[in-house]
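Please examine the sequence and the fold shown below.

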Amino acid sequence: MRADIQALRALAVLLVLLWHAGFAGLSGGYVGVDVFLVVSGFLMTQILLAEIAEQGRLDLPRFYLRRARRLLPAAGATVLGVALLTLTLLPITRWREVAGDIAASAVYVVNWRLAERSVDYLAADAPPSPMQHFWSLAVEEQFYLLWPVLLGLAVMTAVRRGRGSAAGRAAALALVVGALSLAWSAWLSQVDPGRAYFVTTTRVWELALGAALGALWPRWAAARPGPRLATALVLTGLAAILLSAVVLDTATAFPGTAALTPTLGAVAVLLGGPFVRPAGVVHGALALRPVQWLGDISYSLYLWHWPLLVAAAAVVGSDPLPWGTGALVLALTLPVAWLSYRYVEMPFRGRLSPAPLRESARRLARWVLGYALACVAGVGAVLVALATLAPGGLLSTAPPQAQQIRPAPEVARQDVYTPFYDGCDPLPGARLATVCVGGDTTSDTRVVLLGDSHAVMWMPALAAAGERRGWRVELMARPSCPVADVIPMLGDDPKEDCSPWLAEVTEAVTQDPPAAVVTAQVPIPRLWVEGEVVRSADGHELMAQGLARAWDGLRAAGVPVATIGPTPRFEDDPPTCVAEHLEDLGACGQALTSALAPTAPPVRMALDQAPQVELVDLVDELCPQGWCPAVQGSTLVWTDDNHLSRTRSRELAGPLGKALAEVLPDRR
């Protein structure tokens, strides 16, 4: 046990916990994960090289068995705990997604699932999963699975033939792998930051950095650095980690090169930690009992804090949680983590007695089977409860009218125009633009539907109208990119690709004019203007000007241009509200005036600036008598707080087709 390593673990987990709880002073607290990765690579490589030195070979089943004993009991307990929290505290609309996350976490691939979700526009505003924090564990486990094999292949043959040292070859391999990963991480963090944050390939270099240090450690230790140098390394490393946690934020392209500061800080602490003056202040601070205790329980603390924060957010109805509530949840997490450490982690730790290869493999299989059963139990409990308690289930107490709702609230988020999200065809000659075709695909009368996800949500209606009226409907859409000459903000990042996308679709329309162009988009509440974020009402005029400029560009094709009017944006999620008010569906909805307040002003202003553009307004269909209900008849209208369900969209094919025909009287 090294006091400096336990202190690093304590600092890393504390940064992550405070960041997740919303502590304002630590906008980059996520760097705690990067510290963990460096420490993991360092320790694991030392263990593997020590085994090679002692036995002349690697016993991979025994190595994986040690990892299983160390990690799986607490992880399995957390999975069961998350299943229980989900069934008792989270709305039924989230159960299916959580079950999928549990399954992905169970096999340590949830980081790839989250990477895909990070680029899913419809999932952008969804509440975080209680299993989301397993992404970093998945990265580690994937590295643990492959690194010993690569290390064995690179080292064992050379050692047996007397060609170089095991440590030297391990360090060289780690540096090569790390350099490739760092280069990839730097590039992907710039072009696709959402995916880059989660995928394994952008994080391997952090583990490899620790691995290289672990391989070269004997040479460093033999040099016996003096206490002054060691103290300087430790203080500099801690300062680098803390500075990163304070200066970085969610707008930082990460990991990329920005992660070099906290990871090199961790390396500096590891280099100096064992050699500081034993009776000095730095050693005393690292060895403080509370610090060492936090390091001891850091794994269980990491496992449990996030599910409890997510559950608390669901109970309080606030995401993110107020800081005071988050701090209270963290305080309650400490005893939970200690219980997990004391009664789940510790009983299975300790030295593993040597055993024949076949026996190690059998032991490993038993451990994996036990963990798999725990995970299957967690997933099964959620899915069985969903099947029995959801409207129409065997134990459902919902009234008959609620059981007839389609789509059912628990699957509402999947009721979308799937051809677009499965992938439309690339637009010929374009780099970003795609096209989906619907309606009467044999017709020569083309109607082009342009816009963001709000254009996508109207595609089922317009395609159905096209089938009836003989229109070939071509959808050219890009999530978060309105048909407006502006740069919108997506989260904390400017959506720089919207301008080239708009240029591509405008060129396509002008070069091959259709019978009509229909746009549908949601006005973006935050714009990127001359290097600054312009928010909400301050950007209405800028948004309106951008819409008008884009419409003028489309009108250059000499064809009629219409825009579908803005649709409601709800304060609460309609599917969740319906799931929680099956006895009183009328409680779910919002007044028209407040529901349109965030979206209507820029469109009205833009239409004043571009009077030749016609408005297709279906607000009376969606919000009769000034009220926007969540359910109309037996149809759940909304998939989330601002997107129509595919089911309701198709039901509006008649009104949309009629309204468009009136706007364009020369078309059927």
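Two strands pair if DSSP finds at least two bridges between them. Helices (H or I, at least four residues) and strands (E, at least two) are DSSP runs, numbered from the N terminus. The structure is a predicted model, in which local features need pLDDT of at least 70 and side-chain atom pairs count only at pLDDT 80 or more, while totals for chains, interfaces and linings use all residues. Residues are numbered from 1 along each chain as its sequence is written, and side-chain values use heavy atoms, with hydrogens and water left out.

On these terms, an open sheet is formed by seven strands in the order E1-E2-E4-E3-E7-E10-E12, with mixed pairing. Its edges are strand E1 (425-426) and strand E12 (614-616); each has a single partner strand, so one side of each is left without a neighbour in the sheet. E2 in turn pairs with E4 in the antiparallel sense over four bridges, where Cys-436 stands opposite Leu-475 of E4. The sense is parallel between strand E3 (residues 446-451) and strand E4 (residues 472-477), which pair over six bridges; here Gly-451 is placed opposite Ala-477 in E4.

A further pairing is that of strand E8 (residues 526-529) with strand E9 (residues 532-535), antiparallel over four bridges. Leu-527 has Val-534 as its bridge partner in E9. Two residues lie between the strands of this hairpin, and Glu-530 takes a positive phi near 50 degrees.

Helix H24 (residues 600-609) brings the description back to the sheet. Its buried residues are Ala-600, Pro-601, Pro-602, Val-603, Ala-606 and Leu-607, where buried means under 20% relative accessible area, exposed over 50%, and partly exposed in between (1.4 Å probe, protein chains only). They pack against helix H21 (540-555), strand E10 (561-564), helix H23 (592-596) and E12.

The nonpolar cores come next. A nonpolar core is a set of buried Ala, Val, Leu, Ile, Met, Phe, Trp, Tyr and Cys residues joined through side-chain atoms within 4.5 Å. The largest has 128 residues, and those with the most contacts inside it are Ile-102, Trp-135, Trp-147 and Phe-254. Apart from it lies another core of 42 residues, including Cys-436, Val-456, Val-619 and Val-663. Leaving aside neighbours within four places in sequence, Trp-147 is in contact (heavy atoms within 4.5 Å) with Met-44, Thr-45, Leu-48, Ala-170, Leu-173, Ala-174 and Ala-211.

Grid points are joined across faces, edges and corners, and a volume is the space filled by probe spheres set on the points.

The second largest pocket has a volume of about 1,400 Å³. Of its 42 lining residues, Arg-9, Leu-43, Ile-47, Arg-67 and Arg-70 are the closest to the centre. Helices H1 (3-20), H2 (31-55), H3 (60-89), H6 (134-160), H13 (289-296) and H14 (298-316) each supply at least two residues of the lining, and the largest share, twelve residues, comes from H2.

The largest cavity holds about 70 Å³ of space. Twelve residues line it, and the closest to its centre are Val-416, Tyr-417, Tyr-421, Met-457 and Leu-644. Helix H19 (residues 453-469) gives the most to this lining, with four residues.

Two individual residues complete the account. Arg-94 lies in the loop between H3 and helix H4 (95-106) and counts as buried at 13% relative accessibility. Not counting residues up to four places away in sequence, Arg-94 touches Pro-127, Pro-128, Pro-130, Val-310 and Ala-314. Thr-647, in helix H26 (residues 646-651), counts as partly exposed at 25% relative accessibility. Leaving aside neighbours within four places in sequence, Thr-647 is in contact with Arg-406, Pro-407, Asp-415 and Thr-635.

Terms used. On a 1 Å grid over the protein atoms alone, a cavity is a set of points where a 1.4 Å probe fits but cannot get out, and a pocket is an open set with protein on both sides within 12 Å along at least five of seven lines; lining residues have an atom within 4 Å of a point.
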